[in-house]
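Colleague: I would like to go through this model and hear the grounds for each term you use. Please start with the DNA.

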Number of protein chains: 2
Amino acid sequence: MIGRAQPGSTKLIKRMNRENILLSLKANTGVSRADLAKLTELSRPCVSSLVDEMIQEGLIHEIGMGTSKGGRKPILLEYNFAAFGVVGAVFEGSTMQLAIADLKGDTLYRHQISLSSPMDGEKAIESVAEGLKVLLARSGFDKSRLLGIGLGLPGITRRRDGTISYAPSTGWMGLPVRKEIEEKLGLPVIIDNDVNLMTLGEYRRGAGIGYSNLVYMYVGTGIGAGIVIDKQLYRGAREASGEIGYMMIGPIGKRLQGEFGVFEKNYSVSAVREKARYILPYVGSGSIIRQIADYADRGMKEARQLLDDTCKHWAIGIANMASMLDPELLILSGELIHLGEEGLHSIKKSLSDWVPSVPELKLASLGEHAGIMGAIHSVLEAFPSEAASRV
Amino acid sequence: MIGRAQPGSTKLIKRMNRENILLSLKANTGVSRADLAKLTELSRPCVSSLVDEMIQEGLIHEIGMGTSKGGRKPILLEYNFAAFGVVGAVFEGSTMQLAIADLKGDTLYRHQISLSSPMDGEKAIESVAEGLKVLLARSGFDKSRLLGIGLGLPGITRRRDGTISYAPSTGWMGLPVRKEIEEKLGLPVIIDNDVNLMTLGEYRRGAGIGYSNLVYMYVGTGIGAGIVIDKQLYRGAREASGEIGYMMIGPIGKRLQGEFGVFEKNYSVSAVREKARYILPYVGSGSIIRQIADYADRGMKEARQLLDDTCKHWAIGIANMASMLDPELLILSGELIHLGEEGLHSIKKSLSDWVPSVPELKLASLGEHAGIMGAIHSVLEAFPSEAASRV
DNA sequence: GAAACTTTGTTAGTAACCTTAACTAACAAA
DNA sequence: TTTGTTAGTTAAGGTTACTAACAAAGTTTC
């Protein structure tokens, strides 16, 4: 027999109403009880009693009187963003970035750790513990006031199990990350793919604020994408969504097990850099697309060709995603940032030639911080107003 | 200021509980009040009173006694699937198919109308009215007992507005279909893209039953896809999701405004048929891929090449979708049905070479009826247990 | 400057809904 | 016939939010 969720009870409706009040309070600061009644469509007495309860619990503060609108002055309220904290951590090659944030998602302190032996999973887990200690000390937060830790990892992560199921670049396949860290720290841990978290970061705090459906495309050593659908990050049936490095773009060739996908084999930063080495007299460590563009601008024909070919195929990747998902917005990140205005324009032109519904295009706005912002927000989303659910 | 939805009231919890009971009752027939209490996690008295209420309203029936499990015999209940009806209608080229169904989604009667002037939008709308009359007469349903009409149309539909925003094949661009039919018939109308409805049909009644994330791929005159994410049909920001005919697969060429996309220009049934004309001595009207395969099997080299090339590029389309969305299941439909076991196998092989997370592959199982099934279910989903929400 | 509104917030009583506890009904097993 | 179990009902009680009325603290009007 097939059952169902959520039996409607009197507790449930209270929880919903508390949640609604908190949400309104998070979205607009300096709001009175009367305002909340209007916003939530609850009666004034009901709002008053719930608010008083939450003031007792330390979730809300009274911050003084407001100006009269022709009657008694309102008592302004504020969500107590400092009531709890969250920690975000992201592995990036040989460094680990950590940050502690309040319930608003505002970063309080950052910390960075260089991993001496980048490929050692156990060591990496230990440095999370180390970084956490530093952040707690600096911020003065007690561990009991942390909601949890969000952790960004390369490869395909199994969020539910808390393990890594596919990680060609680090070799941490099968590592039970969540369990180990939770045991070591006694805090809830959420793991996720790094590109997913960057997507979440840009969606909540960057170029994607206010949109409901967007795609985030990242071109780096590999090529990946994150997908937000109906305001939710979509992770796929096996948490392998957005693995667009495996799209069939460019020459196919033979694929070796455990290797990169066709698209990234042809047009990742590493691949383009490799091609450039055959053409350019000198290849530095900066943005490869800028280096190629510089030579192209100076009239080097082969450079111009490589540039055009690369842009065209990146545009093809974008067009494929746009035609399939019809997002409102497409955020370009990683090496795509360096395309510049002309590059962006040529991609827009291609899209309008190719697909019927062209999404808005924006460059990512958070830079290096996208991943850690996302990690922070992944915890905030996993525990929606934590305290409200204690009822 | 930013407000919020759903003020939690005592009415809401009753509605939720009624809804839960109805859902359990829809999913399993022949269930007692005691069973429902277990399924919904409500108390037995609560279930009893809600059930009695709904029996009064005609939503539920008692269907007799069950067998004792060591005590008093249970009174078995059944959802009254005949309480309301829904109508589905689908335009397909020059014919319109209609069907009337009960709340279970089981088709009661079908009807088909040939459109004398297929491209005349007004005429088409009139035939919906005509078909509805026939179905009501045959089934004995009164119009007041219909929840609504689901209507499948080619092109990009604006579901909210009820208009058509892009329809190169019919030219019905901008037609306010919903408004006109609602005014003419006095019934709620839901319009949707035809491929979306086929997807919904297969998801609810065909190859996709039980899955939560799937992609439906249709190859016909055009190429399109439907996307189900987290048990919801995803329509895209501008309702243009799944327009995979515009993926960049095969030679690009110049795209003319209002024309087909690159993928479908190269590998739709019409495109492949065109290529076949240059190769095969005779091209009939049946499945084009079967015709090519027959010549290939008889040793004709060019036919074999065309077959392989076509399969390969269809597989590329599938791989692109799989790598981006990581669905559990991919349903193949339209001309893809005729690939047969060998074709399916070769596509599976390609996929496992190309992408890291290979979805299950199935052939569509509803054939011609997928669209109309979907139309029916689109109404059922838009009015979830209609009567329950009257509370 | 007093009277008449207005807005904010609280108090008291009520209605809606679910739950628990206890009961009747109906049946199986021994 | 007794004992135990399952199904369904009745009655009392607990939460929760709502309405109505009121107090507090302003502004506006004449």
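**Terms and their grounds**

Modeller: The model is predicted. In it, 31 residues surround DNA strand D, and the closest are Ser43(A), Ser48(B), Gly71(B), Arg72(B) and Ile75(B).

Colleague: How do the residues of the surface near DNA strand D divide into nonpolar, polar and charged?

Modeller: Ten are nonpolar, 13 polar and eight charged. Gly counts as polar here, so Gly71(B), one of the closest residues, is classed as polar.

Colleague: How do you know which residues of chain A are in contact with chain B?

Modeller: Contact requires C-beta atoms within 7 Å. On that basis 55 residues of chain A are in contact with 55 residues of chain B. On the chain A side, elements giving two or more residues are helix 1 (10-27), helix 2 (33-40), strand 11 (223-229), helix 10 (301-325) and helix 11 (340-354). The largest share, nine residues, is from helix 1 of chain A. This side divides into 30 nonpolar, 17 polar and eight charged residues.

Colleague: Why is the relation between chain A and chain B that of a two-fold axis?

Modeller: Chain A is superposed on chain B by a rotation of 180 degrees with 0.0 Å of shift along its axis, at an RMSD of 0.2 Å. That is therefore the relation of a two-fold axis. The same surface serves both copies, as 98% of the contact residues of chain A recur in chain B.

Colleague: In the open sheet of chain B, which strands stand at the edges, and why?

Modeller: The sheet has five strands in the order 5-4-3-6-9, with mixed pairing. Strand 5 (107-114) and strand 9 (189-193) of chain B each have a single partner strand, so one side of each lacks a neighbour in the sheet, and they stand at its edges. From one strand to the next the twist averages 15 degrees.

Colleague: What makes strand 3 and strand 6 of chain B a pair?

Modeller: Pairing needs at least two bridges. Five bridges join strand 3 (residues 85-92) to strand 6 (residues 146-153) of chain B, and the two run parallel. Within strand 6 of chain B, Ile149(B) is the bridge partner of Val87(B).

Technical notes. Residues numbered from 1 in each chain as written. Chains lettered and ligands numbered in written order. Predicted model: local features only at pLDDT ≥ 70, side-chain atom pairs only at ≥ 80, totals over all residues. Helix = DSSP H or I, 4+ residues; strand = E, 2+ residues; numbered from the N terminus. Axes fitted to C-alpha atoms, helices over the stretch in contact; angles between N-to-C directions. Contact = placed C-beta atoms within 7 Å. Near = placed C-beta within 6 Å. Least-squares fit on C-alpha atoms with pLDDT ≥ 70 in both.
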